[in-house]
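Here are my notes for anyone opening this one for the first time. Have a look, then read on.

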Amino acid sequence: MAEIVLDSVTKQYPDGAVAVRDVDIEIADGEFIILVGPSGCGKSTTLNMIAGLEDITSGELRIGGERVNERAPKDRDIAMVFQSYALYPHMTVKENMAFPLRLAKVDDATVEKKVRDAAEILDLTQHLDRKPSNLSGGQRQRVAMGRAIVRSPKAFLMDEPLSNLDAKLRVQMRTSVSRLQKQLGTTTVYVTHDQTEAMTLGDRVVVMRGGAVQQIGAPQFLYDNPANLFVAGFIGSPAMNFVPAALEDGTLRSALGDVPLTDRVRGLLEGTEAPREVIMGLRPEHFEDARLVEDHVRSTGATFTNQVDVLESMGSDKFAYFSLSGEQATSAELAELAADAGSADVPGGGVSLVARISATSTAVVGEPAEIWFDADKVQLFDPNNGRNLTYRG
Amino acid sequence: MAGIGGAVTTGRKARWTVLNVLVVAYALFPVLWIVSLSFKTKETLGDGNFIPRAWTFDNYAAIFSTTEFVRALVNSIGIALIATAVAVVFGTMAAYAIARLDFPGKRLLVGVSLLIAMFPQISLVSPLFEIERGLGLFDTWLGLILPYITFALPLAIYTLSAFFREIPWELEKAAKMDGATPGQAFRRVIAPLAAPGVFTTAILVFIFCWNDFLFAISLTSTESSRTVPVALSFFTGGSQFEDPTGSIAAAAVVITIPIILFVLFFQRRIVAGLTSGAVKG
């Protein structure tokens, strides 16, 4: 067990492409940290550098206080779980799990005991003599985990370990990974592109984009205080709504109407060089059917009326989709998020908006509905550099 | 409906069976004919009967009583086995490097090895003859093993690198993470998975060396290194007027046996889908 420190770590390939730029992360002993971001953001490269599977171009990597840049993977005492599981097909489950111990020349009795223990934790005892090809996806995933935990390494590295499982099993395995990590208390670095996994699993989350760290923090903090447009749009499902707006005399003008800035927002904006044109960000849960909002609450926000395009009932709440007239919010960050989600080519003029409203709402598809939103929860972003103007760091 | 479907299937099956029998008969008939010849007595050799009227083992006894054939058999087995072993070992290493590493000149290396495999062997025979005489390799085992390796290596590299490419690279990374040195990762993870490829290659290379006639006849002159295909061509009867057909037939049958054994022995190890289950498929 040990802490892992990345000190301005950079990875540049011989062809000049920079995969990871100046990454600083301090991972505490026993911490569960998530690297999250769209594909190509450098998260896997970062993990491979910690593992020793890729060289570090510049910067320093310390595990347990010692510089390990030049050490081979086998001398770093860390275990890795691969996305494809990478089980040895010619060995049984038992041999697969015993392999790291055999290489470490552990005596037979200890190997037997450790493999038994790991198999028990992972519920694999009855499969020990089977070959990986005869196992289900979930079982293979557990064998891969077992191979990592048998030798009690200093740290676990996991490269999208759940992405090959079907949705239901993934949720199930997510909780067991979390439980296992708490039980073992081993420092864990977990790579995923799934923001739900990032939110639910980690003690802290590192959001990456284009090889650079965007923000590091506890999941809830990132959700409430995104440092920029990219983090705001990436964390949260459904994603935050972005509406172009203009700041004029302490009033926010947008397709949602004119809203006076609340004291909190005004306070946060003070001292920042806020441009006139901004992007307003609002989480879906900060909307509500205006008829269900009590009067004294109503005054803290604003309302707008628009036709409901689509209404999805989740049982516990309803998701209402609107198309507002006017220009769509544009910025490099939002374009990248859209490209990652595959929605860049989806046609649809104007601003689309998702509101999570109460299940008791009587809103009807195709009819106009009056929607209230909490003006105090508004986040404002600079469209030029994506910075959150209302960031409370 | 089911009846019609069944009829179609049966009809199709019958057609395929007839076709298969025809092809197999066409391919095997010469082999069976030579087997038949090898069991005929001198008097019945030319009678044109497929099944010998008088059976005899004299032809086999005759070839094994001469040092000419026995010695050639030893040469053939020795030379083919050594050449195969060397070609497979070097081929494995080279193919692994080609499949896994990016090094300068990789494309050139692959290109050149392909070129060698396509080079007409006949055009090399005269220079090789001169070179081997100069170096004192003429009419030695080594004198045949070297050219065999040269021509077998490209074949080995090609077959093996295809197999190596099939092995997920992540397995090697996993082995490294599990604490293996590159050597251990190769020996304990990659090599066992590449085994079917290695055996396939071994069979192909062995057959190539075993069947070679051109190099063997050009680069040997005595029993000390002459291989069976060449020895066969030197068979003569007991006297000028004796017909060696029976002996040649017997020898031809004998030299097909090692090939059949070799293939049967290794075929069992060529288990398809050995890598299944390694990664999510």
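1. In this predicted model, the largest nonpolar core has 54 residues, and those with the most contacts inside it are Ile4(A), Leu6(A), Val189(A) and Phe164(B). A nonpolar core here is a set of buried Ala, Val, Leu, Ile, Met, Phe, Trp, Tyr and Cys residues joined through side-chain atoms within 4.5 Å; buried means under 20% relative accessible area (1.4 Å probe, protein chains only). Helix H8 of chain B, residues 182-211, gives the most to this core, with 7 residues.

2. Take Val189(A): leaving out residues up to four places away in sequence, Val189(A) touches (heavy atoms within 4.5 Å) Ile4(A), Phe156(A) and Met158(A), among others.

3. Now back to H8(B), a DSSP run of H or I, at least four residues. There's a kink of about 50 degrees at Ala191(B), shortly before Pro192(B); that bend is the angle between axes fitted to the seven residues ending there and the seven starting there.

4. Where the chains meet, 24 residues of chain B and 26 residues of chain A take part. Arg147(A) forms a salt bridge with Asp178(B), the closest N and O atoms being 3.4 Å apart. The count between the two chains is 1 salt bridge (side-chain nitrogen of Lys or Arg within 4 Å of a carboxyl oxygen of Asp or Glu).

5. On conventions, residues are numbered from 1 along each chain as its sequence is written, and chains are lettered from A in the order in which they are written. Local features need pLDDT of at least 70, side-chain atom pairs count only at pLDDT 80 or more, totals for chains, interfaces and linings use all residues, and side-chain values use heavy atoms, without hydrogens or water.

Notes. Buried means under 20% relative accessible area, exposed over 50%, partly exposed in between (1.4 Å probe, protein chains only). Helices (H or I, at least four residues) and strands (E, at least two) are DSSP runs, numbered from the N terminus.
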